Amino acid sequence: MVKNIAVMGDRESVKGFSAVGIDAIVCDEPTDASAVFKKITEKDKYAVIYITEELFEQAHKEIERYSESAVPAVIPIPGARGNTGIGSARLSSFVEQAVGSDILFK
Amino acid sequence: MAIMNVNPTRMQMTKLKKQLLTARRGHKMLKDKRDELMRQFIEKVQENKRLRDKVERELARCSAHFINASAVMSKKALDSSLMSSKQQTGIEVKSKNIMSVDVPVFNAVTESPNESDIFPYGFAFTSFELDDAVMSIKELLPDMIRLAELEKCCELMAAEIERTRRRVNSLEHVMIPRYEETIKYISMKLEENDRSSRTRLMKVKDMLLDKAHNYSERY
């Protein structure tokens, strides 16, 4: 089963990815993030969706729906505007969920 | 701890004892499962953390390359040269079972006519900074896919560990003590019944003997 990869973010952040064969989905308005995310996940075409941290936060509710299923993997990445640390925070939250307290990265 | 609402009979007690045994065995197995899951999770999460730091660093470098490129090229030219792609990247999704958790395994499938020629544009009207930028993203791709796999794996495992831990705790602190207490209650009740029937029998025996030999008249 071969699926595609998508990168979702503002124009600046996703620019380079289309050149290497990844579907770049432009979403310049953070408020549209949920709607756009919903649209691209509808067809179950993508196995991995990289999403800029900014939009990740906005579309959090939609993304949560896929947290129990194996695909798509929704991965926050820093956008062109820099790193907000959500990715690492997410990782810490996994550790917290599993262990009960954040024992790895304090 | 509240005891269960059961009839204090011998049959009920045997049944409960069997259930207690099952609960103990289940508790032991779940505990083992939790420990093993935890071990693998810690390993994975540490690798995940390392990889995430690396990918975040590299991505910052990539966007720096693009900023360089956009500084020397017009926005229009830049956008149009990146519009199409020679390479098609897909992901082959398989699944792997780690302690009953189904985690995905991603294999990148890249289709490009020529490995060394990935640039979707001619070199005549573009700057070399753009080449750098595209190249750096291409090099980062395997790491990003590995990161996706690991993060999904950690996410699923964390949920499973939490569930397993809840089960272990509920067995350990609620179910097993409750069974034990109920069994104790039934066995005490049965002993009590035993004693009461014994005293009754003794009493009846006394009364019968009394009637047969007329003890009370003789003394």
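**View 1. Antiparallel pairing of strand S1 (residues 2–9) of chain A with strand S1 of chain B.** In this predicted model, S1 of chain A and S1(B) pair in the antiparallel sense, and the pairing runs over three bridges.

**View 2. The contact between chain A and chain B.** Chain B brings 49 residues to the contact, and chain A brings 35 residues. On the side of chain B that touches chain A, at least two residues come from each of H1, strand S1 (88–98), strand S2 (101–111) and H3 of chain B. The element that gives the most to this side of chain B is H3(B), with 18 residues. By residue class, the side of chain B that touches chain A comprises 29 nonpolar, ten polar and ten charged residues.

**View 3. The packing of helix H1 (residues 10–72) against helix H3 (residues 128–213) within chain B.** The axes of these two helices of chain B come within 4 Å, and they cross at roughly 160°. Angles over 145 degrees count as roughly antiparallel, and H1(B) and H3(B) are therefore roughly antiparallel to each other. The crossing of H1(B) and H3(B) is left-handed. Where H1(B) is in contact with H3(B), the residues of the contact divide into 36 nonpolar, eleven polar and 22 charged.

Methods:
Residues are numbered from 1 along each chain as its sequence is written. Chains are lettered from A and ligands numbered from 1 in the order in which they are written. This is a predicted model: local features need pLDDT of at least 70, side-chain atom pairs count only at pLDDT 80 or more; totals for chains, interfaces and linings use all residues. Axes are lines fitted to C-alpha atoms, for helices over the stretch in contact, and angles run from 0 to 180 degrees between N-to-C directions. Angles under 35 degrees count as roughly parallel, over 145 as roughly antiparallel, 65 to 115 as roughly perpendicular and the rest as oblique. A crossing is left-handed if the near helix is turned anticlockwise from the far one by less than a right angle, and right-handed if clockwise. Ala, Val, Leu, Ile, Met, Phe, Trp, Tyr, Cys and Pro count as nonpolar, Asp, Glu, Lys and Arg as charged, and the others, Gly among them, as polar. Two residues are in contact if their C-beta atoms, placed from the backbone, lie within 7 Å. Two strands pair if DSSP finds at least two bridges between them.
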